[in-house]
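These are my notes from an afternoon with the model, kept in the order in which I looked things up. I began with a pocket, went on to helix packing and ended with the backbone.

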Amino acid sequence: MASAKSSITRGVGRMADIIITRGRGSYVETSCGNRLLDFTTGIGVTSCGHSHPRVVEAAQKQCSEIVHAQVNIAYHDKMLELTDILIPSLPKGLDTIFYGTTGAEAVENAVKMARAYTGKHSTVVFRGGYHGRTFGTMGMTTSSRIYRQKFGPLLSGIHVTPFPYEYHGVTSDIAMKALEEMFKEVLHEDDVAAIVIEPVLGEGGYVPAPPDFLKRLKDFASQRDILLICDEVQTGFGRTGSLFSCDSDYYGNDAVPDILTMAKGIASGFPISAVATRRKISDALEPGMLGGTYSGNAVACAAAIATQKVIADENLVENSAKKGERLMENLRQIQSQTNGLIGDVRGLGCMIGVEFTDAAPSGIKPLLSQSCLDNGMLLLGCSTYDVMRFIPPLNVSDDDIDKGSEIFEKAIKLLSQ
């Protein structure tokens with residue numbers, strides 16, 4: 001397979017030079033026969049674990065019925081069934097759905113909806129946010145310069161404001177003041193269609209916004225007739241211990257966005273995304289303004305239906321909160337033994353970031369990923385800071401939580417010698 005590897009475009013980054021051939025539950029297997037604990041879940045995608053039997057069965061069955069029922073030609077039964085499942089689970093007031101294939105596609109269509117409804121053109125995003133790699137979302141992504149390097153000029157009308165990253169001294173008050181000053185110095189509310197935020201920064205470092213921030217942001221936007229878009233591509237469907245983080249007890253259940261984007265954990269790895277909004281917003285669109293060749297693919301919808309049933313039947317939202325607490329406790333215990341090497345352990349549910357201090361060795365993220373791999377676990381870094389991210393399946397066992405923690409601790413000790 002060496003020849004095939006060399007033919008894959010160089011621009012695709014990759015954590016490890018391994019070939020994965022199989023996945024079951026919390027583990028993947030490689031072509032060399034190694035079995036690895038997967039604390040990446042395909043970057044927050046396989047929330048029910050790899051190849052959950054009910055999801056596999058649903059996809060196999062649908063493949064024997066119809067694979068591709070194109071959305072601009074007709075409805076298909078699985079899309080309608082999925083819609084009937086999702087609508088009651090959405091934050092209050094969100095009652096229409098558009099289906100796409102990727103998170104970036106969802107975000108772009110959310111911005112299109114906001115522009116169509118408001119008649120305005122500019123978008124505000126937050127420093128450290130990741131919204132995708134397409135031309136539109138690339139301009140909205142500021143978690144790393146690599147995503148936009150050499151691709152400019154970027155889409156106009158995008159403005160960046162600080163995210164409330166308390167570990168680096170940016171409180172809710174500081175972030176709100178910066179946003180208010182931007183609207184005094186740079187932006188007029190008559191030009192801004194939407195403010196887009198990840199309630200928990202993903203690529204930017206697994207940083208939850210402080211509990212009061214989303215409500216303050218929602219009030220700020222509403223007072224100026226600006227739509228609030230919550231990008232829950234990574235945080236949705238139980239990842240943070242709530243079905244959607246913007247509608248959680250952590251944020252007070254009172255910061256419901258005008259538009260919500262979803263993907264990743266919706267269908268256990270099948271390519272489907274969704275945009276939910278209020279009917280009065282989606283009614284601003286004329287038929288034909290949205291669509292896509294593979295939007296709401298029938299097999300992906302079948303997998304999404306099965307995934308949603310597994311999440312409900314196996315209590316994975318509650319499990320995410322419980323397992324996240326156990327993992328957080330383990331990681332903070334490790335932090336207490338590293339003599340100042342780890343500066344912060346934070347997160348919600350099974351979405352936890354561990355940030356290292358300046359005392360950490362240079363290049364610690366890839367070094368830790370490799371050391372964990374050598375000891376049987378997949379673990380990713382993120383952020384322009386030194387952050388490792390823990391994204392186990394929502395049905396991960398206590399034993400595997402502890403095993404992953406032990407592998408991580410061992411990797412830190414090896415690098416500290």
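I looked up the second largest pocket and found about 680 Å³ of space in it. For my own record, the search runs on a 1 Å grid over the protein atoms alone, and a pocket is an open set of points where a 1.4 Å probe fits, with protein on both sides within 12 Å along at least five of seven lines, while lining residues have an atom within 4 Å of a point. The volume is the space filled by probe spheres set on the points, which are joined across faces, edges and corners. The lining has 26 residues, and those closest to the pocket centre are Val 71, Tyr 75, Met 79, Ile 97 and Phe 98.

This is a predicted model, in which I took local features only at pLDDT of at least 70 and side-chain atom pairs only at pLDDT 80 or more, whereas totals for chains, interfaces and linings use all residues. Residues are numbered from 1 along each chain as its sequence is written, and side-chain values use heavy atoms, with hydrogens and water left out.

I then asked which elements supply the pocket lining, and noted that α4 (77-86), β4 (96-100), β12 (273-277) and α9 (279-282) each give at least two residues. The largest share, four residues, comes from β4. Helices (H or I, at least four residues) and strands (E, at least two) are DSSP runs, numbered from the N terminus. By class, the lining has 15 nonpolar, eight polar and three charged residues; Ala, Val, Leu, Ile, Met, Phe, Trp, Tyr, Cys and Pro count as nonpolar, Asp, Glu, Lys and Arg as charged, and the others, Gly among them, as polar.

**Helix pairs.** I next looked at α11 (residues 316-335) and α13 (residues 398-416), which pack at about 25° with their axes 10 Å apart. Axes are lines fitted to C-alpha atoms, for helices over the stretch in contact, and angles run from 0 to 180 degrees between N-to-C directions. The angle makes α11 roughly parallel to α13, given that angles under 35 degrees count as roughly parallel, over 145 as roughly antiparallel, 65 to 115 as roughly perpendicular and the rest as oblique. Contact (heavy atoms within 4.5 Å) involves residues including Leu 327 and Leu 331 of α11 and Ile 401 and Phe 408 of α13. I counted the classes there as six nonpolar, two polar and five charged.

Helix α12 (residues 364-374) also packs on α13, at an angle of about 125° and with the axes 9 Å apart, which makes α12 oblique to α13. Among the residues in this contact are Leu 367 and Leu 368 of α12, and Phe 408 and Ile 412 of α13. By class, I noted ten nonpolar, one polar and no charged residues.

For α3 (residues 53-63) and α10 (residues 298-313) I read an angle of about 155° and axes 8 Å apart; the two are therefore roughly antiparallel. The contact includes Ala 58 and Ala 59 of α3 and Ala 302, Ala 303 and Ala 306 of α10, and its residues divide into ten nonpolar, two polar and three charged.

**Backbone.** I finished with two loops. The peptide bond from Gly 152 to Pro 153 is cis, with omega near 0°, and Pro 153 sits in the loop between α6 (135-140) and β6 (158-161). Tyr 206, in the loop between β8 (200-201) and β9 (207-208), has a positive phi of about 55° although it is not a glycine.
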